[in-house]
Amino acid sequence: MKQLFIVIFCLIAFSIRVDAQPVKSGTILFESTFDPAILAAANGIKLSSEATARIPKSSVTNFELKFDQLHASYKQQNTPDNGTQRGRYNGLGVFGGGFSRDYYYDFQEHRLIQAFDLNDTLFLMEDKMGLLPEMRFGTGQIVPVIEYIKSDEIKQILGFTCHQVIAKTTVRHKVMGVEKETTEELILWYTNELGFDFSPNPVLWTAGAVLAIESKGTHIQAKKIQYKEINAEDIDLPRRGILISQQQLHIKLDLRRKLTRISRNGSWN
């Protein structure tokens, strides 16, 4: 009887241990809130009542991360209230985009691919998390500098223990011939409990899976997680995409800006 009891106890314990194992695939819904009025006020910009009336209102955009043990995709969810061709504030002191970007992750190879439509063509461009991009402001170039400051602060997001890192970004650029310096602090909350590396803004990443980014006028946070089976086609790279390098993208964007100036002014200048 004692041996039978031990066997039954072991079977129950094994069953509980198996049931407690985390599911290795699912979705995480992220909500991104952007308020240009708060951003302007935080940067010391005083707006007139007329300017305040014209400035866009606070907007909310939803993104979804689909993941399994080896791959993931991060895409904007299309709703009647948010267009995919809208530029987005990138948290580095400037507005970025002009076109929406989907991200595809290969956890095993530590590979990140951007996918975006440009002139009705789908391009695929390799990228790396934590890598500073070369951005443009007017006719000049911006090279942002990021300093990461570790913190002992922790908090719970979706039941995961998240650690705080402060990202201090500095951007220098010229406005009307005068050199300006913009400094901003962003707060990143990341967890090591998901078992993969990820960030809703790949530039802003230090470790683990980033579940929240807080900055002036912008707040991105994971709102819901659902464990379920994921179809391979939802996280695999698009087959019809054309590979492009960062340099080739800059050439295409420069050409598009020049063509836009021609259509407006009738000249290259």
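Me: How many salt bridges does the count come to?

Reply: The count comes to 3, a salt bridge being a side-chain nitrogen of Lys or Arg within 4 Å of a carboxyl oxygen of Asp or Glu. This is a predicted model: local features need pLDDT of at least 70, side-chain atom pairs count only at pLDDT 80 or more, and totals for chains, interfaces and linings use all residues. Residues are numbered from 1 along each chain as its sequence is written, and side-chain values use heavy atoms, with hydrogens and water left out.

Me: Which residue does Asp-234 meet in a salt bridge?

Reply: Lys-66, at 3.6 Å, N to O. Asp-234 sits in helix H4 and Lys-66 in strand E2, 168 residues apart. Helices (H or I, at least four residues) and strands (E, at least two) are DSSP runs, numbered from the N terminus.

Me: Is Asp-234 buried, partly exposed or exposed?

Reply: Partly exposed, at 24% relative accessibility. Buried means under 20% relative accessible area, exposed over 50%, partly exposed in between (1.4 Å probe, protein chains only).

Me: And where is Lys-155, which pairs with Glu-214?

Reply: Lys-155 is in strand E11, and Glu-214 is in strand E14. Their side chains meet at 3.2 Å, N to O.

Me: New topic. How many residues has the largest nonpolar core?

Reply: 35. Such a core is a set of buried Ala, Val, Leu, Ile, Met, Phe, Trp, Tyr and Cys residues joined through side-chain atoms within 4.5 Å. Phe-30 and Leu-65 are among those with the most contacts inside the largest one. Strand E14 gives its largest share, 5 residues.
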